[in-house]
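Please look through the structure shown here. The paragraphs that follow go from its sheets to its helices, cores and backbone exceptions.

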Amino acid sequence: MDAMDKDASISSDERKVKRGFDQKVFVNRSLTLENIKCYGFDMDYTLAMYKSPDYESMGFELIRDRMVSVGYPHELLRYTYDPSFPTRGLVIDTTYGNLLKVDSNGNILVCSHGFHFLKEEDINNYYPNKFIQRDDTDRFYILNTLFNLSETYLYACLVDFFTRCTRYTNVLQGYHHGDLFMSYRSMFQDVRDAMDFIHDTGTLKERTIKNLEKYVFRDPNITVLLTRIKEVAKVFLATNSDYNYTEAIMKYLLENGTKEKESHENLTLFQTGNQKTSWRSFFDLVVVDTKKPLFFAEGTVLRQVDTDTGKLRIGTYTGDLQHGTVYSGGSSDIVCDLLDVKGKEILYVGDHIFGDILKSKKRQGWKTFLVIPELTKELQVWEDKKSLFEELKRLDVFLAELYKHLDSGSRECPDISAIQTRMKVLTYRMDMSYGQMGSLLRSGSRQTLFASQLMRYADLYSSTYINLLHYPFNHLFMAPPVLMPHEALSQNTADFASTELTVNHTVTTSKY
């Protein structure tokens, strides 16, 4: 190889990008970025990543204090937020006050009453079939968002307090105090009302804006990513937040390091070197007060926002897209019309599995990218503890082989009690590695409801949208092939031969 060829080879190697696990975008359905003509972003917990657990702790304190102010016992003020307990995707049973982790079919994986985790026989007392009807939305409330973490923990605190406090008598569906009865349903509604209160009154937003550095993570790569995207596609922001809060957050994220401020064409512009930028210049369209998921259905009236006062202008906006204008309300159909794009040409990036991802996919056919901040920890624990999962898989295969040669005429019954015990131990050890409620995505070898919705509705997912920086804008994201059980059968049979001895040794020598 001559010098020129050697230099070319080195140059080619240097251009190869090596992505760590924390930089990867994961694929459920194949997607070509070259076909994406428009990128849409949510703001809260997407573009604006709130610092955990400080932000959830603040939310918890605000709703806890609100509950006390409306009449709940002052002893509740002793509780402080514990980030190791709650996780997204839990279900509150408003009849019995339990927190449930379930799979996609409603089978119960984990159940707690306050901070007391119920054993299998206790779960059977509440749910004889270890199963719930998820469609019963009047009874069961799914805690899908990161905003829900603080209220999840507060509800557990309430159940814990009233269960332990001797002033109250425990009954199946709540507590008695003299002639008063307080049901788990009414407690849940009070927590929901307190959460709505701190959002609707702006208490949470005011506290956030007063200390942005404490609560909002500012990544310098956000401007790099948005600038690069805008060179190849259109970009829009669609958030449920109001204009004033959006303005404060986006200025903090996108107008950092400014030197000189001036006013031009009703836009607040900043001088950074020789280039004038405003946060709105990174977007072709900005829509606030979207009221998702309603935004993905009939939507609401589209109105212009007076960016000087933050107030809405009278009347429905019916004109063409005006750059630099901020809109309020509207719908996903209006966004497509204003930006002149079709549903499948849009990649929408959000953190809300229901409000952002499920509805945009089912109702509009948009391509979807789910942001899962918890994925960083999930990947770390998975890497550290994957040997436990591998042992679970081997035990599954071993159990299948025990019954492989039995049929309806067989009278023998293999003794699998030791294997079942070992599987429960392994599942518990895996779950505790993630936190008290276990992993967001699985319990042992079984996937959670959140995981099933993620796989069904999110085309792409990652711990942060910033990871798009690590891929070219013509990248083909290829989904891994998924074998159906009958297709995987031959593979499992082949694997068994090499693992049988290992499994036998593990079952007989492991200490429980």
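Which residue of β20 is the bridge partner of valine 288? The partner is serine 328. This is a predicted model, in which local features need pLDDT of at least 70 and side-chain atom pairs count only at pLDDT 80 or more, while totals for chains, interfaces and linings use all residues. Residues are numbered from 1 along each chain as its sequence is written, and side-chain values use heavy atoms, with hydrogens and water left out.

Helices (H or I, at least four residues) and strands (E, at least two) are DSSP runs, numbered from the N terminus, and two strands pair if DSSP finds at least two bridges between them. The 9 strands form an open sheet with mixed pairing, in the order β1-β25-β22-β21-β3-β14-β18-β20-β19. β1 (26–27) and β19 stand at its edges; each has a single partner strand, so one side of each is left without a neighbour in the sheet.

Strand β3 (residues 38–41) is joined to β14 by 4 bridges in the parallel sense, and glycine 40 has phenylalanine 236 of β14 as its bridge partner. On to strand β18 (residues 285–288), β14 makes 3 bridges, again parallel; here alanine 238 is partnered by valine 287. Strand β20 (residues 326–328) runs parallel to β18, and 3 bridges join the two. Strand β14 (residues 234–238) is mostly covered, with 4 of its 5 residues buried, where buried means under 20% relative accessible area, exposed over 50%, and partly exposed in between (1.4 Å probe, protein chains only).

Helix α8 (residues 221–232) packs on this part of the model. Its 12 residues reach 17 Å from first C-alpha to last, close to the 16 Å expected at 1.5 Å a residue; the expected span is 1.5 Å times one less than the number of residues. Ile222, Leu225, Leu226 and Ile229 are buried in α8. They lie on the same side of α8, because they cover an arc of only 95° around the axis, the arc being that of the directions from the helix axis to the C-beta atoms. The buried residues of α8 pack against β3, β14 and α9 (243–254), contact meaning heavy atoms within 4.5 Å.

A further open sheet has 3 strands in the order β10-β11-β12, with antiparallel pairing. Its edge strands, β10 (169–171) and β12 (180–183), each pair on one side only. Neighbouring strands are turned by 25° against each other on average, direction ignored. Axes are lines fitted to C-alpha atoms, for helices over the stretch in contact, and angles run from 0 to 180 degrees between N-to-C directions. Strand β11 (residues 174–177) pairs with β12 over 4 bridges, and tyrosine 175 stands opposite methionine 182 in β12. Helix α4 packs on the sheet and touches β10, β11 and β12, with its direction at about 45° to that of β11. Helix α5 (residues 184–200) also lies across β10, β11 and β12, running at about 65° to β12.

What lies in the interior? A nonpolar core is a set of buried Ala, Val, Leu, Ile, Met, Phe, Trp, Tyr and Cys residues joined through side-chain atoms within 4.5 Å. The largest has 90 residues, and Met187, Met250 and Phe283 have the most contacts inside it. Helix α4 (residues 148–164) gives the largest share of this core, 10 residues. Another core lies apart from it, with 18 residues that include Phe296, Leu302, Cys336 and Tyr348.

Most residues other than glycine have a negative phi, and most peptide bonds are trans. Some places in the model depart from this. The bond from serine 52 to proline 53 is cis, with omega near 5°, and proline 53 lies in the loop between β4 (49–50) and α2 (54–69). The bond from lysine 292 to proline 293 is also cis, with omega near 10°; proline 293 is in the loop between β18 and β19 (303–305). Lysine 291, in the loop between β18 and β19, has a positive phi near 55°. Lysine 130 has a positive phi near 50° and sits in the loop between α3 (120–126) and β9 (140–143). Lysine 130 counts as partly exposed because its relative accessibility is 23%.
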